[in-house]
Amino acid sequence: MTKALDGVRILDFTHVQSGPTCTQLLAWFGADVIKVERPGVGDITRGQLQDIPKVDSLYFTMLNHNKRSITLDTKNPKGKEVLERMIKSCDVLVENFGPGVLDRMGFTWEKIQSLNPRMIVASIKGFGPGPYEDCKVYENVAQCTGGAASTTGFREGPPLVTGAQIGDSGTGLHLALGIVTALYQRTMTGKGQLVTCAMQDGVLNLCRVKLRDQQRLAHGPLKEYSQFGQNIPFGKAVPRAGNDSGGGQPGWILKCKGWETDPDAYIYFITQAPVWEKICDLIGKSEWKTDPEYATPPARLPKLKAIFDTIEQWTITKTKFEVMKLANERDIPCGPILSMAELAEDQSLRATGTVVEVDHPTRGKYLSVGNPIKLSASPAEVTRSPLLGEHTDEILGQVLGYTADEVAAIKAAGATTPPAKKAAAE
């Protein structure tokens, strides 16, 4: 079966998380992703957070499935020649270097265009043009500068970052969409273009409801925020709202049976207006259905904390899965807090390929996240990440068309191995 991106070749100059997230997604869709790595070193995450000595870390393996690896010293003259040939034979170059690195390597946009006018160059940077564009950015920096941290946490506490990698992986997903869009446009124009995603921009895009609330705040208090019901005044900016829902339906995280010893024995419970009467019956508060103090959403808003405290007296008598079952039978929206351990063991996620087991030659079997986007005509197959430089000969010969003698000359010139002094020191 053909894949959606069969025939598309990606020159992958990415490292760590944001860029590899993007190129891995493209690889899952069938693109031939060639990861270019420094000889002897490779992507820095190969050695970060290692749980098994001298084995590629899970950090690396879980971000580089379905790719091929070539080692190339781009400062070596022969290495530069190889890179030029790669640019000519690929459709997309993806990079998440620091600002200006690609230019300093001698591969400006103009240079790349002269080699391959159809080439799409896709870049992830920390910030877009402006006062911070030359600054380095990592995951938590992106969350802080993109508005997520200021609106995450409890009102009386400090800003918090989220466990979801919305800065790195989130921006990688944005860039992947930009790339396939540029590929589509190229089918009509025949020309490549620059695609850029800034991590700050990506985080802000995911925080759009908070920007919505910032504008609403100018016209009065945000009544769906629980602090409204507690008569706590709002400031000039959108506050941290604890577990308040980001939409118009009030929600909160409530304790369930076993919470004293299980840190994940909780459920998110939403008091959706259309099922309010069912909620009242479920928790044994039928009188609330007709009580004017509780019967309408406006009447309930000032009492949200007390309402959720009452609902919690019911949820605390049942496990989170029992609450989920009883609530969903009545179309009451809720969701148990699932731990990473529970998700890893969830057989339904295995069945859909959302969680996959991968076999690696040095690590053995491990779990990873599979493709979250399902195409009916192009199901994703997750294959292991490459060993460092595993496909160097294959790429030089089969992809770039070098003869056996030419490959030998490239290797003899040191273009695919660590510089001699560094290799000796190591």
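This is a dialogue on how to read several features of a predicted model.

Colleague: Which strands make up the open sheet, and in what order?

Modeller: Strands of a sheet pair through backbone hydrogen bonds, either parallel or antiparallel. Here the open sheet has three strands in the order β7-β8-β9, and the pairing is antiparallel. The edge strands, each pairing on one side only, are β7 (251-255) and β9 (334-336). On average, neighbouring strands of the sheet are turned by 20° against each other, direction ignored.

Colleague: How many bridges join β8 to β9?

Modeller: Three bridges link β8 (residues 266-270) with β9, and the two strands run antiparallel.

Colleague: Now the cysteines. How many disulfides are there?

Modeller: A disulfide is a covalent bond between the sulfur atoms of two cysteines. The search of the whole structure finds zero disulfides. For Cys-22, the nearest cysteine sulfur belongs to Cys-197 and is 8.1 Å away. Cys-22 is buried, with a relative accessible area of 0%.

Colleague: Which residues have the most contacts inside the largest nonpolar core?

Modeller: They are Ile-10, Leu-26, Val-94, Leu-175 and Ile-179, in a core of 31 residues. Elements that each supply at least two residues of this core include α1 (18-28), β4 (92-95) and α7 (168-189). A second, separate core has 28 residues, including Phe-13, Ile-34, Leu-93 and Phe-97.

Colleague: Is α1 mostly covered or mostly open, and what follows the helix?

Modeller: Mostly covered: eleven of its eleven residues are buried. Among them are Ser-18, Thr-21, Gln-24 and Trp-28. Just after α1, Gly-30 takes a positive phi of about 110°.

Colleague: Take Arg-186. Is this residue buried or exposed?

Modeller: Arg-186, in helix α7, is buried, with a relative accessible area of 8%. Its contacts, not counting residues up to four places away in sequence, are Asp-91, Arg-118, Ile-120, Lys-191 and Gly-192. Asn-231 is 45 residues from Arg-186 along the chain, and their C-alpha atoms are separated by 56 Å.

Colleague: At what angle do α7 and α8 pack?

Modeller: Two packed helices are described by the angle between their axes and the distance between the axes. For α7 and α8 the angle is about 95°, and the axes are 9 Å apart. The two helices are therefore roughly perpendicular to each other.

Colleague: Which residues meet where α7 packs against α8?

Modeller: From α7 they are Asp-168, Thr-171 and His-174, which meet Met-199, Gly-202, Asn-205 and Leu-206 of α8.

Key. Residues are numbered from 1 along each chain as its sequence is written. This is a predicted model: local features need pLDDT of at least 70, side-chain atom pairs count only at pLDDT 80 or more; totals for chains, interfaces and linings use all residues. Side-chain values use heavy atoms; hydrogens and water are left out. Two strands pair if DSSP finds at least two bridges between them. Helices (H or I, at least four residues) and strands (E, at least two) are DSSP runs, numbered from the N terminus. Axes are lines fitted to C-alpha atoms, for helices over the stretch in contact, and angles run from 0 to 180 degrees between N-to-C directions. A disulfide is a pair of cysteine sulfur atoms within 2.5 Å. Buried means under 20% relative accessible area, exposed over 50%, partly exposed in between (1.4 Å probe, protein chains only). A nonpolar core is a set of buried Ala, Val, Leu, Ile, Met, Phe, Trp, Tyr and Cys residues joined through side-chain atoms within 4.5 Å. Contact means heavy atoms within 4.5 Å. Angles under 35 degrees count as roughly parallel, over 145 as roughly antiparallel, 65 to 115 as roughly perpendicular and the rest as oblique.
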